[in-house]
Amino acid sequence: MGTTVERQERQPASTEVTEVAPDILRMQLPISLPGLGHVNTYALCDDRGVAVVDPGLPGKASWDALSDRLRQAGYGVKDVHTVIVTHSHPDHFGGAGILRHRVGAEVVTHRAFRTWLDPEEGDDAGPDEISDDDVEHAVADQRSTSPWQKEMPWRSGQFRPPMRRRLGYRLGRTLGRRWMRAPEPSRRVDDGNILTFAGREWQAVHTPGHTEDHLCLFSADDGVVLTGDHVLPTITPHISGLHAGHDPLDEFFTSLDRMAELQGATLALPAHGHPFEDLTGRCNAIRDHHHERLETLREAARSLGEASVVELSKHLFKQRSWGPMAESETYAHLEHLRRAGEMVSRRVDEDLHFQLVEPA
Ligand SMILES: [Zn+2]
Ligand SMILES: [Zn+2]
């Protein structure tokens, strides 16, 4: 991950609207998150108007950019009849609630979709406790996959307040209630469901890993795949270890296999970065990357013997990335090895330690 390479995903949002496939437009909305400069909002055009995929962060800046891009394409915001949200991260669902509220758009998500704006999540932290750092971490990390997680499992002494809730307060206060509307889905789909947009039939493909509720759409008609954050062109999505009772890395591998095996995929449309053609090749490269990471951890464990997750994370990540997110992703990899029988873990004081299983 050298700094010499300019990652596509980091580039600022272009105002240009491009037709990437017949009746499918790529529009870029500005976001400023660690490593990300824009989100691609795809417009699927038909006689009824447009369905938009992942309409950016909540707030006026995003709304104005969306209005501008739609206008360039000859549409108004009122022409948006449907919003499709690939997963429960704010740069993807942010515009959904307001579009439903203002123009009555349908909101389509995967069955498991859930955000920190959902009213059933209890109020357990006030706005005073929120720092900018929290917001950055919360947006970038996978709080959305573990709404009730209060502790980092690898450091039992560390209390981690429910970040999504705190982020909800923070954004609500910054943006005002006007812009902060929960993206209540009007239609929750399951794997294999068929949806019709832009004159095509799209197959819903549930792809957990990056989040539990990640949804990709595949059109067998002409091989177009909306890949969300599941498969990105030059970066790999964050895999969090905070989802207790799951092996998110294993789920991610399974979801990559499903993408790689789609018959007749010709064009991948990612949520960040440029569209690309070799979906299978990219899936294989991302899988290889994680297998290399697993090997790095095995080697570190071989030389260190028993070591804490925090210590091991420093072998996996460069110093500028050290911290809870790096630890979380390291923990996800270690848990994957433990579940495969390659490692054992035990608690030493506050910390969770891992070591390789001795060869018999
Ligand atoms: Zn995401
Ligand atoms: Zn994203």
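Donors here are N, O and S atoms within 2.8 Å of the metal (3.2 Å for Na, K and Ca), and water is not among the atoms, so sites may look incomplete. With that in hand, the donors of the zinc ion (ligand 1) follow the spacing H-x1-H-x120-H-x18-D along the chain.

A quick word on the ground rules. This is a predicted model, in which local features need pLDDT of at least 70 and side-chain atom pairs count only at pLDDT 80 or more, while totals for chains, interfaces and linings use all residues. Residues are numbered from 1 along each chain as its sequence is written, chains are lettered from A and ligands numbered from 1 in the order in which they are written, and side-chain values use heavy atoms, with hydrogens and water left out.

| Ion | Donors | Distances |
|---|---|---|
| zinc ion (ligand 1) | His 87 (NE2), His 89 (ND1), His 210 (NE2), Asp 229 (OD) | 2.1 to 2.2 Å |
| zinc ion (ligand 2) | Asp 91 (OD), His 92 (NE2), Asp 229 (OD), Asp 229 (OD), His 272 (NE2) | 2.1 to 2.8 Å |

Around the zinc ion (ligand 1), the four donor atoms subtend angles of 91 to 160 degrees, so the arrangement is irregular. For reference, four donors count as tetrahedral if all angles lie between 85 and 135 degrees; four count as square planar and six as octahedral if opposite donors are over 155 degrees apart and all others between 65 and 115; anything else is irregular.

Asp 229 bridges the zinc ion (ligand 1) and the zinc ion (ligand 2), which lie 3.6 Å apart. His 89 sits in the loop between β5 (80-84) and α2 (90-93), and Asp 229 in the loop between β11 (224-228) and α6 (248-260), so this pair ties together parts 140 residues apart in sequence. Helices (H or I, at least four residues) and strands (E, at least two) are DSSP runs, numbered from the N terminus. Both His 89 and Asp 229 are buried, meaning under 20% relative accessible area with a 1.4 Å probe, protein chains only.

Asp 91 lies in helix α2 and His 272 in the loop between β12 (267-270) and α7 (279-304), so they tie together parts 181 residues apart in sequence. Asp 91 and His 272 are buried too.

**The rest of the fold**

The protein has nine helices and 15 strands, and 56% of its 360 residues count as buried. Three strands form an open antiparallel sheet in the order β13-β15-β14, where pairing takes at least two DSSP bridges between two strands. Six bridges join β14 to β15 (residues 351-356).

Notes. Buried means under 20% relative accessible area, exposed over 50%, partly exposed in between (1.4 Å probe, protein chains only).
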